[in-house]
Amino acid sequence: MSVVTLTINDELVSAQEGETLLAVLHERGIDMPTLCHLEGLSERGGCRLCMVELEGSSRLQAACVTQVQEDMIVHTHSERLVKYRKMILELLFAERNHICAVCVMNGNCELQWEAAKIGMDHVRYEYLNPDLAMDASHERYVLDHNRCILCTRCVRVCDEIEGAHVWDVMGRGANSRVIIDLNQAWGTSQSCTSCGKCVQVCPTGALFDKGATVAEMEKQHNFLRWILDGREKNVWSYGK
Amino acid sequence: MNRADLETMAQREVQRQQTFRCRILCCASTPCLSSGGSAVHDAIKDAIKEGGFDADFQAVATGCMGPCSRGPMITVQTSGGEDVIYEHVTPEASRQIVAHHAAASPAPVEYILPGDIPFFAKQKKVVLANSGFIDPERLEDYVARGGYTALGYALREMTPETVCREIIDSGLRGRGGAGYPTGLKWDMVRKARGDRKYVVANGDEGDPGAYMDRTLMESDPHRLLEGMAIAGYAVGADQGFLYVRGEYPIAAKRLERAIRAAERRGLLGSRVLDSNFNFRVDVRIGAGAFVCGEETALMASIMGMRGQPVPRPPYPAQSGLWEKPTLINNVETLGSIAPIIQHGAAWFAEIGTAKSKGTKIFALAGKVDTTGLIEVPMGITLREIVYDIGGGIPDGLDFKAAQTGGPSGGCIPAAHLDTPMDYESLRALGSIMGSGGLIIMDERSCMVDVAKFFMEFCMDESCGKCVPCRVGTVQMHHLLERITTGSATAQDLETLQDLCVMVKETSLCGLGQSAPNPVLSTIHYFLEEYMAHIRDHQCLAGVCTLDQAPITELALV
């Protein structure tokens, strides 16, 4: 595989052809906010937090779905981009109920981290406060639509890694909801294997272990790398 | 069937039509049907039967004739005489019309619409040339007007390369709205590597008030199939998909019938017109999402997945349906193909302006005297469309603005009435050509309310995949709602503008990227109206209620 050279924030960087821009940014230690991206899952390009400026292109591009190219000139933290990221996070906070103080994920939440990192200290938009249900019918896990940001990591991990495709999305626009099977209670699902992968990849408190209380929930993503290494390279060494 | 058989079929049909002394064409397009067109058609058939005129009178259910607000429309063709057009025809009037043409009674003058009025005189019909003259459900009618000769010519006399070159030379640009050069797209798909390729016709027309594609599919389905087959030959595809909006059952039915008729005669399917070229067309019906008009979402829908866009690149020309190179064109674009092959690229390039060639169909709606479907040469001024073709604004009111491009477009104020209608000029004004929706507004329209209407549309139609569009449209709608109810502050207008720019620049697909356009364009041209709402609690057009006050002011009371 050939190597390409590109410029990121005025610095020359080499990368392998076919790599995504986001992977290169992470490799270089450039902090890039992401929510829908998770290494090991297919890219969605939906949260729009990793938008970057490419010189010569009038449009902003999401780094997670942009492949590196020779002589690409990338800016990742211009004033405009930081402003947009903040606005997008504010929109997410205003969309449903994200009151950290009473959330199982308080302190461990990716949405909360991103907001703190970027310095989002208030939301200028009206809180929509939709009236959403919780589903506690599963014996081990709980789904709380109020905390869901529709990143669809649960949908992807269940389809791509577990192979069960229990999760999907229904409705459209702000009325989109993640659903189980044919929109039924989680506890009644016959396709769910109760593996808990969806819970572990969920960036917020939308999916959590039953019984967890405020700030108790912590999630592990490293199982993904382990499974993929095992499947792709036949290397099974957990905990490395 | 080969080209000679096609010729014979055309001659036979022309001869058959000439045996009738009088052909009564009744519009059977959706607008006329909804104003009672089928009753009129039945009455005419009855009157012909009762009068015993079967031998020399023929009643034909055709496609759209244009002035939809004057429907039901009928056109009477008499051998040797000029066509007579009748408007607002009732079943009683249609009996009178039949009797008149049978020379038994005076002409029902109150129903006659003169054929030389500017509505007809200023138009140039290329894509809609057959619309209103042929029975869309009869293949013979289309063939009699030269149908499928362009396909025959392309298959025998041209190579795929020369077909693409011809389309490039014609200067045809995508009629779906963006205006990408069609020939270039064809050439890209032709050159793309793939063991299979596909052609997709995008008939998922969703802009409020727009019905160009529906009319073309309903009135002249074979024209579209011929365009698709030529496209298939040019790019090397043997399968086409016609994506029709779920709300267009008549169009889907007529297309299905047209496909079957063409396949039976060897004009589609295996060995088209006795050549080595095979081309199948299948209809796919949408399930009601506006976003499926976006090409990547449309392809997802064709493949049976949730109709959501995916980031481009890769473009469909490289990797489209089932990751094969896919040509996706708007229905109207494909409708322009047969005339280009038939009359040549030079003929087509002479119509229109330097950069926008050919004609464009607009669905003229709103506050004009005659609304309907018009086809005009590119570069015609908005003034000509509103005052000549549309017949001006009714009730003696003034023109305020024209909205083009639906929820992705913008408004053109009165100061720019003399703008030529072409891709570049409209873009320079902050609007877009769009697919062809053209809504004329008079002084009684509130521009904030108009912006709110389109934002509500986008909010409902956002697919929910990307955050800026999913939540941003809701928040923009909230802010507009506040302005129209009187509870907005000057800060809200600033927040709204900021949000518009962000959603425009960060959204994933065209829907979100263009959703703020109606707001930005009305703020640009009608800022004083926004200010009147916010500062003076006044709606100049008298539309908005403005019965609330900003929270900050309430606290002071």
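Predicted model: local features only at pLDDT ≥ 70, side-chain atom pairs only at ≥ 80, totals over all residues.
Apart from neighbours within four places in sequence, the contacts of Ile432(B) are Gly177(B), Thr404(B), Gly405(B), Ser408(B), Gly409(B), Leu426(B) and Arg427(B). Cys411(B) is 21 residues away along the chain, and the C-alpha atoms of Ile432(B) and Cys411(B) are separated by 9.2 Å.

## Overall form of the two chains

Chain B contains 25 helices and 14 strands. Its radius of gyration is 25 Å, close to the 24 Å that the globule rule gives for 557 residues, so chain B is as compact as a globular protein of that length. Along the principal axes, the C-alpha atoms of chain B fill a box of roughly 85 × 65 × 40 Å. Of the 557 residues in chain B, 57% are buried. When contacts in chain B between residues at least 6 apart in sequence are considered, 73% join residues at least 24 apart.

Chain A has six helices and ten strands. With a radius of gyration of 19 Å, close to the 18 Å given by the globule rule for 240 residues, chain A is likewise as compact as a globular protein of that length. The C-alpha atoms of chain A occupy a box of roughly 55 × 50 × 30 Å along the principal axes. Buried residues account for 38% of the 240 residues of chain A. For contacts in chain A between residues at least 6 apart in sequence, the share that joins residues at least 24 apart is 62%.

## The contact between the chains

The contact between the two chains draws 25 residues from chain A and 23 residues from chain B. On the side of chain A that touches chain B, helix α2 (residues 79–95) of chain A provides the largest share, seven residues. By class, that side of chain A comprises 16 nonpolar, four polar and five charged residues.

## Domains of chain B

Four domains make up the division of chain B: domain 1 (3–115), domain 2 (146–348), domain 3 (359–442) and domain 4 (447–552). The centres of domain 3 and domain 4 of chain B, taken over C-alpha atoms, are separated by 23 Å. Their contact involves eleven residues from domain 3 of chain B and 15 residues from domain 4 of chain B.

On the side of domain 3 of chain B that touches domain 4 of chain B, β12 (399–404) and β13 (410–413) of chain B each supply at least two residues. The largest share of this side, three residues, comes from β13(B). Five nonpolar, six polar and no charged residues form this side of domain 3 of chain B.

## Helix packing in chain B

Helix α3 (residues 37–51) and helix α4 (residues 91–101) of chain B have axes that come within 8 Å and cross at roughly 40 degrees. The crossing of α3(B) past α4(B) is right-handed. From α3(B), the residues Ala39(B), Val40(B), Ala43(B), Ile44(B), Ala47(B), Ile48(B) and Gly51(B) meet Pro91(B), Ser94(B), Arg95(B) and Val98(B) of α4(B). This contact of α3(B) with α4(B) consists of eight nonpolar residues, two polar and one charged.

Helix α13 (residues 295–302) of chain B is mostly covered, with eight of its eight residues buried. They are Glu295(B), Thr296(B), Ala297(B), Leu298(B), Met299(B), Ala300(B), Ser301(B) and Ile302(B). The cover over these residues of α13(B) includes β6 (198–203), β7 (239–244), β8 (280–285) and β9 (326–330) of chain B. Just after α13(B), Gly304(B) adopts a positive phi of about 85 degrees.

## Backbone exceptions

Most residues other than glycine have a negative phi, and most peptide bonds are trans. In chain B, the peptide bond from Arg312(B) to Pro313(B) is cis, with omega near -10 degrees. The peptide bond from Pro313(B) to Pro314(B) is also cis, with omega near 0 degrees. Pro313(B) lies in the loop between α13 and β9 of chain B, and Pro314(B) is found in the loop between α13 and β9 of chain B.

In chain A, Asp71(A) is a residue other than glycine with a positive phi, near 65 degrees. Asp71(A) sits in the loop between β4 (61–62) and β5 (73–75) of chain A and is exposed, with 10 other C-beta atoms within 10 Å. Ser194(A), also not a glycine, has a positive phi of about 55 degrees. The loop between β9 (177–180) and α5 (197–201) of chain A holds Ser194(A), which counts as partly exposed with 13 C-beta neighbours inside 10 Å.

Notes
Residues numbered from 1 in each chain as written. Chains lettered and ligands numbered in written order. Contact = placed C-beta atoms within 7 Å. Helix = DSSP H or I, 4+ residues; strand = E, 2+ residues; numbered from the N terminus. Nonpolar A, V, L, I, M, F, W, Y, C, P; charged D, E, K, R; others polar. Buried ≥ 20, exposed ≤ 12 C-beta atoms within 10 Å, placed from the backbone. Domains from an automatic or database assignment. Rg over C-alpha atoms; globule rule 2.2 N^0.38 Å. Axes fitted to C-alpha atoms, helices over the stretch in contact; angles between N-to-C directions. Left-handed = near helix turned anticlockwise from the far one by under 90°.
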